[in-house]
Structures are given as C-alpha cells and as structure tokens.
Amino acid sequence: MSDVCIVGIGIHRFGRTPDLSGLDMGVAAARTALGDAGVAWPDIQFAYGGSDASGNADTMVSRLGMTGIQFINVKNGCATGGSALASASSAIRAGEYDLGLAVGFDKHPRGAFDPRPAEWGLPEWYGEAGLMLTTQFFAMKLTRYMALHGISTRTLGRVAEKSFLNAVHAPHAWRREPVDIETILSAQMVSDPLTKYMFCSPAEGAVALVLASEAKARQLGGPMIRLKAVAMRTRPAGSFEVFAPSLDVARGGSATTNASLAAFTAAGIGPEDIDVAQLQDTEVGAEIMHMAENGFCADGEQEEWLAEGRTRIGGRLPVNTDGGCIACGEPIGASGLRQVYENVVQLRGDGGGRQVPNDPKTAYSHVYGAPGVSAVAILSR
Amino acid sequence: MIDTPSPARPIAPGLFTDEAAPRLIGGRNRDSGRIVFPCPEGAEGERYEPILLARQGTLWSWTVQRFRPKTPPYLGPAAFEPFAVGYVELADEVIVESRLTDVAFDALDVGMPLELVLLPLPQDEGPAVLTFAFRPTGESHA
C-alpha cells in the first residue's frame with residue numbers, strides 16, 4: 001500500500017473575523033493549501049470536509065470551481081477534522097485516488113457552548129437544574145485526576161503559561177500575548193480549579209490539507225511529509241464523558257487511549273519515538289491528562305514534566321507548539337486539522353520562533369471531544 | 001383550617017422518592033445488571049427495572065459553578081449565586097451527578113461522606129421546584 005503524504009497546507013487565522021463566514025474562511029484555507037502544494041483546484045480528485053456550526057463544506061465547490069468531483073460532508077463533533085482526514089487518507093491508501101483535499105472550518109458565537117438536553121438524548125431537568133455545562137465536566141474530570149495523581153494547581157498554571165508563550169510565535173493563533181503564571185492562577189475562577197485563562201474559547205477558523213499518494217507527492221517535488229497512521233475511535237464502556245448524569249462504578253479506558261494505541265500500532269512506533277505533539281487542550285487539565293492517556297508519561301509524572309519544562313519548545317517532548325486550543329480557541333470543525341497543520345510546519349522546519357530544535361522527524365496529534373470521540377494522526381518525514 | 005404552602009413540585013417525575021429520607025430512583029438493566037440514573041423512559045425504559053439507590057455515598061469529584069448557566073435550559077433565578085456540583089459514588093451501584101449543598105466550597109474533598117436531601121430550586125416566576133442534592137453526612141438541620 002502507498003503511504004499518504006501531506007503535500008499542501010493552508011490555514012485561516014483563528015480568532016474572530018467579523019466580516020467573514022465560516023465558509024469564507026474554509027475557501028481561503030483551501031486556496032492557500034492548493035497554492036502551497038503547487039496544484040490547482042481542477043487537479044483535486046476528491047474532498048472530505050465539514051463544520052459543526054457553519055454549514056455544508058461541499059457548497060465551497062461553487063467558489064473553488066464546479067469540477068464535479070466527489071465531495072463528502074463530515075459532521076462528527078470535535079472529531080470532524082480528524083474524521084475528514086481519516087476518510088481522505090483511506091481513499092488514497094485504497095488506491096482509489098491520488099490527490100485530494102481535507103478541509104474543516106467553523107464560526108461560533110461568543111461565550112460557552114449552549115447545548116440543549118433533547119439534542120443529546122437527555123431529560124430536560126438535567127439542564128434546568130444547572131448540570132448541563134461542558135465546563136463542569138472538564139473541571140470534575142480534572143479534580144478527580146488531581147486528587148488521585150497529585151497534580152498541583154501550579155502545574156495547571158504552567159500549561160497555560162506555556163501555551164500563551166508559544167502562541168506569540170504562531171501567526172495563526174488568536175491570543176498572542178504572554179500571560180504570566182501568577183495572573184493565570186489568580187484570575188477569575190470559571191469552574192474550580194480552572195480559571196478563565198485555563199479554558200479555551202469557542203472561536204473561528206479554518207484549515208485545509210492537500211493529500212497525495214506517495215507517487216504523486218514525489219512528482220510534485222515538495223518535502224515528503226508522510227501520514228503514517230490516522231485512527232478515530234468512539235468511547236468504550238466505563239469512560240467518563242461530558243453530559244453524563246451517571247457513571248459506572250467500574251471505570252474503563254477512554255476513546256483517546258484506544259485511538260492512540262491503534263495509531264501507534266499502525267505506525268509501528270511508540271510514544272518514545274515522537275519528537276513533537278499536539279494534544280487536545282480544551283482546558284489545561286485536558287493537556288495534562290492527555291499526556292498520560294496518549295502514553296507519553298505515567299499518571300502523575302506530569303507534575304515533574306511541567307516543573308522541568310519538558311513540554312516546552314526545546315524540551316524533551318514539546319506539546320502544543322502553536323499554543324493549542326488555549327491560545328488558538330476552538331472552532332470545532334477546524335481544530336483537529338490545525339494540529340496536523342502545525343505538525344507539518346514543524347516537520348518542514350518552518351516554525352520560526354516556535355520551531356522545535358534538532359530537526360524533528362515524527363509528530364503526533366490528538367483531538368478529543370463530546371460525546372467521547374477521539375482522533376489521532378502520526379506524521380513522519 | 002391552617003393555610004399551609006403547597007409542597008414544591010419535583011423538577012421531574014420519577015427521579016426521587018418524596019419522604020423524610022429521600023432516595024434516588026435508578027434503573028437496573030434487566031440483562032446486564034448495569035445500574036444507571038435516572039431510570040430510562042420510553043422504549044429504552046423497557047430494558048430497565050426501577051430500583052431505589054443508596055441514600056449515602058462518597059464524593060467522587062466536584063467543582064463549583066461560578067457563572068450563571070444559560071436560560072434555557074437553566075431554571076434558577078436571574079440573581080445568581082455560585083453552587084457546588086459533584087459526582088457521588090453510591091457503593092457497588094452507580095456514580096451520580098448532583099448538586100451539593102450545606103457545605104463550604106473550601107471544605108469539599110474527594111472521598112467525603114455524603115447523604116441525599118431534597119433541595120428547593122427557586123425561580124423568578126412561579127414557585128420553587130424540588131431537585132435533589134447531596135450534603136455532608138450528619139449535618140443537623142432545625
């Protein structure tokens with residue numbers, strides 16, 4: 001089977017762009033990615049794309065050109081981008097096509113997401129009683145983890161401080177000012193133990209990737225960034241997810257753990273072989289817990305890792321080198337592809353002030369979201 | 001004739017028993033034995049038998065809701081006071097999500113023993129509705 005290569009990347013800056021729709025940003029990202037790959041829209045044989053709240057991706061053919069290609073819309077919550085990538089990768093790996101596009105975009109209103117109980121198969125009282133908030137879930141998963149594994153609030157602050165510091169050097173990031181740890185720790189509490197600087201915000205943005213077979217990538221002549229593995233998984237029994245009125249006493253694994261294992265197995269490498277990682281950081285605790293769920297450290301070791309700066313640029317395993325969701329915000333449909341975009345930038349050595357030193361060869365990305373979906377992609381060059 | 005206020009309406013039917021020592025009503029899967037809360041209704045409900053859950057448990061995790069949730073769906077008054085929520089482990093049964101009451105935020109601690117009470121949830125328009133909450137075991141209330 002042919003390797004799948006990422007031959008073009010495009011991003012529309014994350015944050016807020018009042019004059020543009022989500023689709024506008026998706027089209028802009030697609031055009032940038034085509035230019036980066038040195039191909040034109042009529043060269044593209046198929047596309048997968050989606051948004052969570054900004055409409056159907058396939059409508060962008062009226063802007064890019066009605067070439068009649070197969071364009072499949074993806075709507076898979078926080079794993080929308082990852083699912084588009086997994087599907088596009090499969091189509092090339094199967095030999096059906098040799099040049100395609102994966103695109104994700106979104107535009108959300110300000111403030112916390114405001115889901116309705118009925119849309120999640122939940123009774124109305126759950127929302128009426130004030131229990132249906134994603135922020136509560138993140139805080140409670142973290143509180144439990146901190147109590148069991150000895151994670152301090154200072155470690156939470158260190159993660160946010162690192163994110164903002166990295167984002168200073170990421171042109172596509174939303175919040176690009178450093179924030180010192182004391183400000184982070186003493187800021188307004190949103191949902192204990194998480195202050196406002198420790199949460200990401202719903203945002204806007206778009207990312208597009210041009211994917212090619214190995215033969216096609218060689219023909220195009222750019223750097224060979226290989227998609228060694230991509231895996232998407234849903235939750236197993238006993239996992240702890242958002243909007244759960246009750247949990248099983250017998251605790252189980254997570255969608256993340258399963259997606260991670262599947263991706264490492266397919267790539268034939270392990271966590272110790274990864275040079276740079278982008279991990280879902282809806283809030284700082286998610287980054288900490290996901291370090292362990294993805295196999296990079298044991299539960300509790302994050303305390304030492306953060307204190308020693310091992311996840312900073314230049315550390316043993318730089319994590320969220322563009323500031324992650326904390327600094328970029330979270331446009332649901334685009335977020336997972338932003339991580340892959342950032343990894344391609346790092347593997348090409350184009351990271352500028354945020355470039356991971358020593359010529360990274362392998363990169364890992366992990367997205368997680370409601371109601372228990374996760375997608376992992378491993379790149380190498 | 002003594003004029004007594006009418007008792008508050010439960011936030012939903014079938015969640016808890018209305019008595020001095022209230023109990024939550026869970027559902028036990030008729031095939032697997034798995035216990036969930038609340039007891040499923042409708043087509044899914046046919047696979048579960050309602051059971052009364054333990055009244056006492058331990059705090060599995062917690063947080064404090066510091067900002068007012070959006071309405072709808074939140075029923076509470078516009079004037080907002082932060083409240084604690086948690087997951088409470090009912091031994092060998094199920095871990096339930098609940099409001100926490102009668103406890104200082106800085107006294108919340110994973111593992112602390114708790115018991116179920118019914119809690120009036122005031123509304124700006126209309127009478128309070130009755131929801132469930134857990135409080136530290138042994139709190140005395142006059």
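**Exercise 1. At what angle do the axes of helix 3 and helix 13 of chain A cross, and which residues make the contact?**

Step 1. Start with the axes: those of helix 3 (residues 80-93) and helix 13 (residues 332-348) of chain A come within 5 Å and cross at roughly 60°. Axes are lines fitted to C-alpha atoms, for helices over the stretch in contact, and angles run from 0 to 180 degrees between N-to-C directions. Helices (H or I, at least four residues) and strands (E, at least two) are DSSP runs, numbered from the N terminus.

Step 2. Now name the arrangement. Helix 3 and helix 13 of chain A are therefore oblique to each other. For such labels, angles under 35 degrees count as roughly parallel, over 145 as roughly antiparallel, 65 to 115 as roughly perpendicular and the rest as oblique.

Step 3. Find the contact (heavy atoms within 4.5 Å). Helix 3 of chain A brings A:Thr80, A:Gly81 and A:Leu85, and helix 13 of chain A brings A:Gly333, A:Leu337 and A:Val340. These residues divide into three nonpolar, three polar and no charged. Here Ala, Val, Leu, Ile, Met, Phe, Trp, Tyr, Cys and Pro count as nonpolar, Asp, Glu, Lys and Arg as charged, and the others, Gly among them, as polar.

A word on the model: it is predicted, so local features need pLDDT of at least 70 and side-chain atom pairs count only at pLDDT 80 or more, while totals for chains, interfaces and linings use all residues. Residues are numbered from 1 along each chain as its sequence is written, chains are lettered from A and ligands numbered from 1 in the order in which they are written, and side-chain values use heavy atoms, with hydrogens and water left out.

**Exercise 2. How many of the 14 residues of helix 3 of chain A are buried?**

Step 1. Check the helix itself: its 14 residues reach 20 Å from first C-alpha to last, close to the 20 Å expected at 1.5 Å a residue. The expected span is 1.5 Å times one less than the number of residues.

Step 2. Count: 11 of the 14 residues of helix 3 of chain A are buried, so this helix is largely enclosed by the rest of the structure. Buried means under 20% relative accessible area, exposed over 50%, partly exposed in between (1.4 Å probe, protein chains only). Among the buried residues are A:Ser83, A:Ala88 and A:Ile92.

**Exercise 3. How do helix 6 and helix 10 of chain A pack?**

Step 1. In helix 6 (residues 153-167) of chain A, 11 of the 15 residues are buried, so helix 6 is largely enclosed by the rest of the structure.

Step 2. Helix 6 and helix 10 of chain A pack at about 100°, with their axes 8 Å apart. They are therefore roughly perpendicular to each other.

Step 3. The contact residues include A:Leu156 and A:Val159 of helix 6 of chain A and A:Ile288 of helix 10 of chain A. The contact divides into five nonpolar, two polar and two charged residues.

**Exercise 4. Is A:Leu279 buried or exposed?**

Step 1. A:Leu279 is buried, with a relative accessible area of 0%.

Step 2. See what A:Leu279 touches: A:His290, A:Phe296 and A:Tyr364 are among its contacts, not counting residues up to four places away in sequence.
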